[in-house]
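Please examine the structure shown below. The questions that follow concern its fold and some of its residues.

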Amino acid sequence: MKPRGFTLVEVLVALAIVAITLAAGLRAAGGLTRTAERQDTLVLAQLCAENELVKLRLSKQMPGVGEQTLPCPQLQRELRVQLVVRPTPNPNFLRADARVWDEQGPVWQLSTVVGRF
């Protein structure tokens, strides 16, 4: 009786299947990492926008109409908040928009209405 083993072609096919499977797994893991990083950026951008709008609402005077850009460093990330204050049809209220940007572009936008106390 002759001993039976795997041929070289069978071993190469098995290695090719394993390599394709590992490559697909690495690609999926990379996608999950990018998604987690994007989620972190969104949470930090939301914090920046909310902080600037809360500052406006807590100040004792109405903010000036106009636009300003403020730095918002968060966890070694350089985010910028563009704060735009515009009038509304009612002179007792102003609309405030906080747009957060990172190196790639806009990340988050949040709006509120600021009224006289």
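**Burial, sheet and disulfide**

Q: Does Thr112 count as buried or exposed, and why?
A: In this predicted model, the relative accessibility of Thr112 is 17%. A residue is called buried under 20%. Because 17% falls in that range, Thr112 counts as buried.

Q: Which residues is Thr112 in contact with, leaving aside its neighbours within four places in sequence?
A: Thr112 is found in strand β4. Once those sequence neighbours are set aside, its contacts are Leu53, Arg57, Leu94, Arg95 and Ala96.

Q: In what order do the four strands form the open sheet?
A: Strands of a sheet pair through backbone hydrogen bonds, either parallel or antiparallel. Here the pairing is antiparallel. The edge strands, each pairing on one side only, are β1 (66–74) and β4 (106–115). The order is β1-β2-β3-β4.

Q: How many bridges join strand β2 to strand β3?
A: Strand β2 covers residues 77–87 and strand β3 residues 93–101, and the two run antiparallel. Arg86 stands opposite Arg95 in β3. The number of bridges joining β2 to β3 is eight.

Q: At what angle does helix α1 run to β4?
A: Helix α1 spans residues 8–58 and lies across β1, β2, β3 and β4. Its angle to β4 is about 20°.

Q: Why is the disulfide of Cys48 and Cys72 left-handed, and what is its torsion?
A: A disulfide joins Cys48 to Cys72, with an S to S distance of 2.0 Å. Cys48 lies in helix α1 and Cys72 in strand β1, 24 residues apart. Both cysteines, Cys48 and Cys72, are buried. The disulfide is left-handed because the torsion about the S-S bond is about -85°.

Methods
Residues numbered from 1 in each chain as written. Predicted model: local features only at pLDDT ≥ 70, side-chain atom pairs only at ≥ 80, totals over all residues. Heavy atoms only, no water. Pairing = 2+ DSSP bridges. Contact = heavy atoms within 4.5 Å. Axes fitted to C-alpha atoms, helices over the stretch in contact; angles between N-to-C directions. Buried < 20%, exposed > 50% of the residue type's maximum accessible area, 1.4 Å probe, protein only. Disulfide = S-S within 2.5 Å.
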